[in-house]
Amino acid sequence: MRGLFAAASVRLVCGVLWLALAAAGARGFETEAMQDFGTGPQRIDVLSTTDIAYMQPVIDAYLVRHPDVTLHYVVASSQEVYRAVAEEEAPFDLVISSAMDLQMKIANDGLARPLPAALMSGQPGWARWRDLLVAVTQEPVVLLLGRDALPPGTPAPTTRRELIDLLRDHPDRFRGKVATYDPAVSGAGYLFAAQDARLSDAFWRLAEVMGRLDAKLYCCSAGMIGDIAEGRMLLGYNVLGSYAPGNDADGLRIVELQDYTLTLLRTALVPERARAPEAGAEFLAFLLSAEGQALVAEGAGLPALDADAFDRNPHLRPIRLDPGLLANLDQITRRRFLEEWRAALIQP
Amino acid sequence: MLLQLLLLAACLSVGLYAAVRLGADRASEATFDAVLGAAAGSLAEEVRVAEGGITVDLPPATFSMLSAMGEERIFYRVDVDGAPVTGYADLPLPEQLPTALAPSFYDANYRDTDVRIAAILRSIRIDGRAAPLLVLLAETRQGQGAIAARLGNRAAVLGLAIFLAAIPFSLYFARSFLSPIDRLAEAVGRRGARDLRPLRHPAPSELQPFVTALNSFIARLRGTLSQTETFLAEAAHHIRTPLTVMRNEAELALRQSGEEETRARLRGLIRAADESARSASQLLDHATVLYRAEQADWAEMDLAKLVRDLVERFRPAAEMRDISVRLEVRGTLPTRADPVLVEAALRNIIDNAVKYSAPDGLVEVMAEAVAGEARVTVMDRGRGLAGVVDQGLKRRFRRGANVSDVPGSGLGLTIVEEAAQAMGGSFAIGPREGGGTCAVFSLPLL
Ligand SMILES: Nc1ncnc2c1ncn2[C@@H]1O[C@H](COP(=O)(O)OP(=O)(O)O)[C@@H](O)[C@H]1O
Ligand SMILES: [Mg+2]
C-alpha cells in the first residue's frame with residue numbers, strides 16, 4: 001500500500017479497502033483503491049497517488065466541518081493519474097500526485113484550472129507554479145541504513161563521496177546488499193537520478209560502484225524499505241524518507257546526505273474538467289491550512305510544508321517546480337539517460 | 001478652468017499610458033525574443049546523432065530559465081528531416097522556414113493560448129548526408145504582457161499624479177499673473193466718469209506696455225473730449241454773436257427808418273435773425289445733450305429749486321405776450337442728474353407751452369414727488385397737438401401740422417426725450433383735458 005510510483009502496483013495493495021472495484025473497469029485508467037467518505041449531497045472527486053490511510057485523518061476532519069460533502073477518493077499510480085487527467089479527461093475535482101514532472105506537464109499543457117488567489121498567496125515561490133500547481137508536502141529523498149549496514153566503529157557516511165568510499169572499502173559486505181530505484185521502471189527513480197546527474201559529479205561514480213556491487217533495483221520505496229528492515233538489504237540510496245518508519249525499533253537509520261538532499265514536493269491541482277472545482281479547491285485549502293498540515297504531519301506521517309526547513313538545513317534542495325521538469329519527460333532524453341545509466345551500472 | 005485642466009491631465013495620462021505601454025511592449029518583446037532565441041539555440045545544440053540514431057539531452061535549466069521570467073508555459077518540438085522526433089508534435093510550424101543564420105519568431109495559438117515561438121534551423125549529418133534539423137520553442141507571454149501593463153499603469157499613475165499636482169500650481173500662477181490686471185480693471189472701474197487722469201497704479205513689468213497703451217488712450221480721449229467741449233462753446237459763440245449784431249443793427253435801422261416798406265423788411269429780417277438764433281441754440285443744445293448724456297456726469301441736485309429759477313427766468317418773456325405762468329412747487333425734490341441737461345429739457349418744454357399758447361393764456365408748471373419720482377408737469381390751454389401722437393413729434397426736426405405760423409426747428413422734444421432717457425427718467429406729451437397740451441417730465445427721486 002505504500003507504492004507511490006508503482007506502475008503496476010497491484011502486488012503492493014494489501015489491507016486497502018477495495019470498494020467498488022467493478023466501477024474501475026468502466027474507467028480507461030487503472031485504479032488501485034477507492035472509498036467514499038461522508039454521505040452529503042455535495043460530491044468531491046479526488047484522484048491521488050497517496051494511499052487512503054495517509055489521507056484518512058485529513059478527510060475525516062474535513063467532513064466534520066462539511067457534513068454536506070461526500071468525498072470520493074480514488075488511488076492510482078502516478079502514470080495512471082496522469083493518463084486519467086491528460087488523456088481520459090476524467091472529471092476529478094482535485095488531483096494530488098507525487099510525480100512532479102507529470103503534474104507539471106498537466107499544468108503546462110493547460111489542463112489545470114487556476115486556483116483561488118487566496119489559496120496561492122500564502123505559498124512560497126518554490127512550493128507553487130503559477131496559480132495552477134501547489135505543493136502539499138515536502139519529502140526528503142534519503143539514504144536509508146539497515147541495522148547492520150555499517151561495519152563496527154565506522155561512522156555513517158554524510159556525503160556521496162563518503163558513501164562511495166564506504167562501499168569501495170567494504171565490497172564484500174555490500175555485494176548484493178545495496179538497494180536503489182530502477183529509473184527505467186520508476187518515474188520517481190528516474191526523476192531522482194536525473195536530478196542527481198545534474199547536481200553532482202559523484203553520481204555517475206556512485207552508479208558505477210553500485211553496479212560493481214550488483215545493486216538491486218526496485219520499483220518502489222516501499223519494497224526497499226521492507227527489504228532493508230528485514231535485513232535482506234543493508235542500504236538503500238534515494239529512498240523516500242517519509243515512508244521509512246524512522247524509529248530505532250527496527251534499527252533503521254535515515255541519513256540526509258549533507259552535500260545535498262533532494263526534496264520531493266507532492267503537488268495538487270484542480271483539472272480543467274472538474275465538475276465541482278470550487279469544492280475541490282476548498283478541500284485543498286483545508287489541506288494547506290495549519291490544521292490540515294498538522295494532520296498530514298502527525299496523523300499521516302507525511303512531512304508538512306515547512307519553508308523554514310530549507311533555512312535550517314541548507315543541504316535540503318527542493319526539486320524545482322517549473323517547466324524544467326518537462327525535460328524529464330522527453331522520451332529521447334530519457335532513452336539517452338537510461339542508456340548511460342545502464343552503461344555505468346552494468347560493466348563488462 | 002479647473003475642469004479643462006483635469007481633462008487635460010486625464011488625456012495626457014492616457015496618452016502616456018499608451019506610449020509607455022507600446023514602448024514597453026516593443027522593448028520587452030525584443031528582450032523576451034532574445035532569451036527565447038538563445039534557449040532554442042541551446043536546445044538545438046543538444047540534438048546529436050549517435051549510433052542508435054538521434055539523441056536529445058534536453059537541458060532542464062533552459063526551460064526553468066524561460067519559465068522563471070514570468071512563470072510561462074513552455075512547449076517545444078524537434079523535427080529532423082521534416083518529421084517530428086520529440087516534443088509536442090502538433091506545435092504549429094512557421095509559415096516560412098527560418099534561415100540557418102538567424103532564428104525566426106512568430107505568434108501562434110496553441111492549446112487555446114497565445115504563444116510566441118522561436119524557430120531554429122540547423123543541419124545535422126545522418127548516415128553521411130546532411131538533414132535539416134528544425135527546433136521550435138514556444139512560450140506564453142503573460143509575463144511580458146504583465147510587465148508592459150505594469151509599466152504602462154505606473155506611467156499613467158505617475159503622469160496623472162504629476163499633472164494633478166501641477167493643476168494647483170498652474171491655477172496659482174495664472175491667478176497671481178491675472179491679479180494685477182484685475183486690480184487695474186478695478187481701479188479704472190472705480191473712477192468717476194470725468195476722471196481722465198493717467199493710471200499710476202503699480203503693475204508688474206509684464207503689464208507695463210498695457211498700462212502705457214491704456215494711458216495714451218486715456219490722454220487721447222481726454223484731448224478729443226476737451227476739443228468737443230471747446231468746439232461747442234466756440235460754435236455757439238460764433239453763431240450767436242454775429243446774429244445778435246445783425247439783430248441790433250436791424251432794430252437800430254428800424255427805429256431810424258420812416259419808410260413803411262423798409263420797416264416791414266427790417267421786421268422780417270429781425271424775425272429771421274431770432275429764428276436763426278433759436279435754431280442755432282437748439283442745435284447746440286442738442287449737441288450738448290448728446291455730449292453730456294455720454295459723459296453721465298451726475299450730481300445731487302434739487303429739481304424744485306431748478307424749476308423755480310427757470311420759471312422766474314421765463315416769466316418776463318411770457319408776460320410780454322400777456323401769458324401768465326403759474327408755478328406750483330412745494331419743498332425740495334432731490335435727484336441725481338446733470339443740471340445742464342435738466343435745464344435744457346425743461347426750457348424746451350416751457351418754451352413750447354408759451355410758444356403755442358394764445359395771448360392771455362395760462363401756463364401751469366407743477367413740480368411734485370409722485371411714486372418715487374420727481375415729476376414736472378407743464379400744461380397750457382394752447383392750440384394742442386391736433387391729434388398727432390407724441391412719438392412722432394419727438395423725432396428730430398419733426399414739427400406739428402398746425403404750427404406752420406410759428407417758427408421752430410423741431411428739435412425741442414428730441415432734446416427733452418434724450419435728456420430724460422440719459423438720466424433714467426421719462427417724458428410724455430399729450431392732449432390736455434378741456435383743450436391744450438400736457439407735458440410730463442420725470443426723474444427718479446433720490
Ligand atoms: N405745448 C404745445 N402745444 C401745441 N403743440 C406742441 C406743443 N409742444 C410741442 N408741440 C408740437 O410738437 C412739435 C414739435 O415740438 P418741438 O420739437 O419743440 O419743435 P418746435 O417747437 O420747434 O416746432 C411742435 O412743432 C408742435 O407741433
Ligand atoms: Mg419747440
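## A loop residue in chain B

Start with Asp322(B), which sits in the loop between α6 (303–320) and β9 (324–329) of chain B. Helices here are DSSP runs of H or I with at least four residues, strands are E runs of at least two, and both are numbered from the N terminus. The phi of Asp322(B) is near 55°, a positive value in a residue other than glycine.

Keep in mind that this is a predicted model, where local features need pLDDT of at least 70, side-chain atom pairs count only at pLDDT 80 or more, and totals for chains, interfaces and linings use all residues. Residues are numbered from 1 along each chain as its sequence is written, chains are lettered from A and ligands numbered from 1 in the order in which they are written, and side-chain values use heavy atoms, with hydrogens and water left out.

## A strand residue in chain A

Over in chain A, Asn238(A) belongs to strand β10 (residues 235–240). Asn238(A) isn't a glycine, yet its phi is positive, at about 60°. Its relative accessible area is 6%, so Asn238(A) is buried (under 20% is buried, over 50% exposed, in between partly exposed; 1.4 Å probe, protein chains only).

## The cysteines

How many disulfides are there over all chains? The count is 1, taking a disulfide as a pair of cysteine sulfur atoms within 2.5 Å. The partners are Cys219(A) and Cys220(A), with their sulfurs 2.1 Å apart. The torsion about their S-S bond is about -80°, so this disulfide is left-handed.

Cys219(A) is partly exposed at 21% relative accessibility, while Cys220(A) is buried at 2%. In chain B, Cys11(B) counts as exposed because its relative accessibility is 52%.
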